[in-house]
Amino acid sequence: MEFVQPLLEWYDRNKRELPWRGEKDPYRIWVSEIMLQQTRVEAVKDYYGRWMSRFPSLPDLAAAPEEEVLRYWQGLGYYSRARNLWQGVREVAASYGGKVPDSEAAVRALPGIGEYTAGAILSIAYDRPVPAVDGNVVRVYSRLFCLAGESETALKRKIAALVAGHLPQERPGDYNQALMDLGATLCIPGKPRCDECPVRDFCRSFARGTQQEFPPKKKKSTVKTVELVAAVIERHGAFLLQRRPAQGLLAGMWEFPTVEIETGGDAAAVESAVGTRTGQQVRLGPKLMDLVHIFSHRRWEIAVHHSTMTVPGDLPPEPETRWVNRKEFPQLVFAGPHRKIAKTVAAQELPDGAVRGKL
Ligand code: SF4
């Protein structure tokens, strides 16, 4: 295809400087691609640097305990990505002698690796001609060829087939990255910067002036709001914390006892629900803060209350519940907004001169 060469030449002159750019180690490419899912490039840079200082090679990550892996991920969100990465790396260590396999079928079989990530790893690390179609590439190709699809998946599939036919045998990884960079810097959402575009002469939507019609708009997803109360219960400088279930949202992370409430639910109902959850009789005290946390399909609105234990009881076997001294907070992985509560609580209560742990 005629635009392949101009695009590669533009990439050679203009590629973004990224910490993982030029990397041929499949493990490092794997980590960067997983971190970049649903996270901005700027935010990932620091995390990637810290991660590589602690887990510079695949065996380092495979040998690390899960809790530590999650701690290095803390703040990036979508923790199932970190868990899958860690499990995948352990699988590579156990079944492939620590070398990431170079076949599409084997890479796709690893946890957390979808079509895009497999394409990125195989094309960049191993120069395999496999497309890596992310949102940027969808935007570029759908504008280049004025493409729509019956669904997002159908459009992506159509584009993957086209990209596969255009990938140059000698530089497939660079071609995939050139498309990503073009989508991230010039063929941007909203108003693209067509004047500077290296493939403008080949772009159908530019010729027709219809760039902003592509890709077709996504239907808005409905976000459900859930109202919650989190109880900060302290006893002799330790706080009652619970672990979330091993499956589902923020799986396995620690939180202050939290209950869902009906709109307008009264304090007595909340106290009873917290009591059932923790095995203690509890009285809600003054509000410490309000927090909002937004997931892709859910919005948590959390009222955080200081609470007192009126009658101590046995800790329940499920969910896992512990009294935790604030000095131990840095060792725990807190669920999303609970990290902020822990930070506030730790900062408020530390005696003068005490060293504050970094959460
Ligand atoms: S000409 Fe404009 S719309 Fe077409 S690929 Fe380039 S930046 Fe995108």
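Modeller: A cavity is a set of points on a 1 Å grid over the protein atoms alone where a 1.4 Å probe fits but cannot get out. Points join across faces, edges and corners, and volume is the space filled by probe spheres set on them. This model is predicted: local features need pLDDT of at least 70, side-chain atom pairs 80 or more, while totals for chains, interfaces and linings use all residues. Residues count from 1 along each chain as its sequence is written, and side-chain values use heavy atoms, without hydrogens or water.

Biologist: How many cavities of 30 Å³ or more does the rule count?

Modeller: A rolled, water-sized probe shows where empty space is left. Here the count is one. The largest cavity holds about 120 Å³. Of its 16 lining residues (an atom within 4 Å of a point), Cys 187, Cys 194, Cys 197, Val 199 and Cys 203 are closest to the centre.

Biologist: Which helix gives the most to that lining?

Modeller: H9, with three residues. Helices are DSSP runs of H or I, at least four residues, numbered from the N terminus. H9 (135-144) and H12 (204-208) each supply at least two lining residues. The lining has eleven nonpolar, two polar and three charged residues.

Biologist: At what angle do H5 and H6 cross?

Modeller: Packed helices are described by the angle and distance between their axes. The axes of H5 (66-73) and H6 (80-95) come within 10 Å and cross at roughly 135 degrees.

Biologist: Which residues of H5 and H6 meet?

Modeller: Glu 66, Val 69, Leu 70 and Trp 73 of H5 meet Arg 81, Ala 82, Arg 83, Leu 85 and Trp 86 of H6 (heavy atoms within 4.5 Å). Six are nonpolar, none polar and three charged (charged: Asp, Glu, Lys, Arg; nonpolar: Ala, Val, Leu, Ile, Met, Phe, Trp, Tyr, Cys, Pro; polar: the others).

Technical notes
Axes fitted to C-alpha atoms, helices over the stretch in contact; angles between N-to-C directions. 1 Å grid on protein atoms, 1.4 Å probe; cavity = no way out; pocket = protein on both sides within 12 Å on 5 of 7 lines; lining within 4 Å.
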